[in-house]
Amino acid sequence: MSSAVTLNEGGADSTSPISIDRPVAGVAVVTLQRPANLNAFNKDLLWALHDAVDELSADRDTRVVILTGAGRAFSAGLDLNEGHFEVPGTESMAEVPRLLILQKRFTDLLEKIRQSPKPFIAAVHGPATGGGMAVALACDIRVVTAEAKFGAVFMAIGATNTDLGISYLLPRFVGAARSAEILLTGRLVGGQEAERIGIATHLVARDELQPQSIALASAIAAHGAFQVWMTKETMWQTLDAPSFRHAVDMENRTQIMTNMAGDVDRAFEAFTSGGTRKIEWKAM
């Protein structure tokens, strides 16, 4: 791994664009570490997050990933002060293919989060705009504070507000008509509204953001890793199923596969004997 994007496990490091902490067993907290720039994405941060998602998705000890930002923001999207940085190997290309490859580098990150066998929880305080909003929406669950601000703000720089998967994900959370109003106006959605309309699943106090996110992650991590993986994968795939029949066919095959994985008898015995691990999680 490049030294420019070395992952710092166990705390913040001014030389690293991200940090990875493990507050409890099975839970990894990935923090974007460019607070002076509202955690806006430059090349180092984008590359580092790619590496972190790859690493944690393959790590058997990591069961759930929490993604958050240092300082006052989750992420303000692309760092406009650094412009459209180049992907290695594209230096001699014409502008259109060069920018398309950069665009794909960002969308590939979102796809990695969606396809990861580990659930991702976005813990959002402050701005999550542009690419920051896209990353938060790509996560499976969003926990927010009242100070959170979601916004597709690409039109402000002369682009469209249909970018980085937002036009696909947002309507699935809030409905087509509400999504149209948000995208066409480019307005910001605060934390309370985000929870009310379905962008966020939980609204918590600022000092409860990390503890509540960890409690939620622990509740998920209490279940079998394979079962959680198959639940995440099947849930999102059936969302796009063309019919009820397609959805239940996928559910049927996944259910039999997980039943044959060897965990059902042990889990059922623990459940019926009262030995199932108890997790203190209470929706706010």
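Modeller: Residues are numbered from 1 along each chain as its sequence is written, and side-chain values use heavy atoms, with hydrogens and water left out.

Colleague: What average pLDDT does the protein have?

Modeller: pLDDT is the predictor's confidence in each residue, from 0 to 100. A score of at least 70 is reached by 86% of the residues, and the average is 87.

Colleague: Over residues 1–8 and residues 276–281, what is the pLDDT?

Modeller: Residues 1–8 have 25 contacts in the model beyond near neighbours in sequence, a contact being heavy atoms within 4.5 Å. Residues 276–281 have 14 such contacts. Where pLDDT is low, the predicted coordinates should not be read in detail. Over residues 1–8 the value is below 50, and over residues 276–281 it is also below 50.

Colleague: How many of the residues in helix 7 are buried?

Modeller: Helices (H or I, at least four residues) and strands (E, at least two) are DSSP runs, numbered from the N terminus; the protein has 10 helices and 10 strands. Buried means under 20% relative accessible area, exposed over 50%, and partly exposed in between (1.4 Å probe, protein chains only). Across the 284 residues of the protein, the buried share is 46%. Helix 7 is mostly covered, and the buried count among its 13 residues is 11.

Colleague: How far apart are the end C-alpha atoms of helix 7?

Modeller: The expected span of a helix is 1.5 Å times one less than its number of residues. For the 13 residues of helix 7 (residues 209–221) this gives 18 Å, which agrees with the distance between the end C-alpha atoms, 18 Å.

Colleague: Which kind of aromatic pair do F41 and F106 form?

Modeller: Rings of Phe, Tyr and Trp (its six-membered ring) pair if their centres lie within 6.5 Å; planes under 30 degrees apart count as stacked, over 60 as edge-to-face and the rest as tilted. The structure holds three aromatic pairs. For F41 and F106, the centres are 5.1 Å apart and the planes lie at 65°, which makes the pair edge-to-face.

Colleague: How many residues apart in sequence are the parts that this pair ties together?

Modeller: F41 is buried at 0% relative accessibility, and F106 is buried at 7%. F41 lies in the loop between strand 3 (27–32) and helix 1 (43–58), whereas F106 is in helix 2 (residues 95–115), so the parts tied together are 65 residues apart.

Colleague: At what angle are the ring planes of F226 and W229?

Modeller: Both F226 and W229 lie in helix 8 (residues 225–239), three residues apart, about one turn of the helix. F226 is partly exposed at 23%, and W229 is partly exposed at 34%. The ring centres are 5.7 Å apart, and the pair is edge-to-face because the planes are at 80°.

Colleague: Over the ring of which residue does the charged end of R172 sit?

Modeller: A charge sits over a ring if NZ of Lys or CZ of Arg is within 6 Å of the ring centre and within 35 degrees of the ring normal. The charged end of R105 sits over the ring of W47, 4.7 Å from its centre. For R172, the distance to the ring centre is 3.6 Å, and the ring belongs to Y168.

Colleague: What is the phi of L164?

Modeller: L164 is in the loop between strand 8 (149–151) and helix 4 (166–174) and counts as buried at 8% relative accessibility. L164 is not a glycine, yet its phi is positive, at about 55°.
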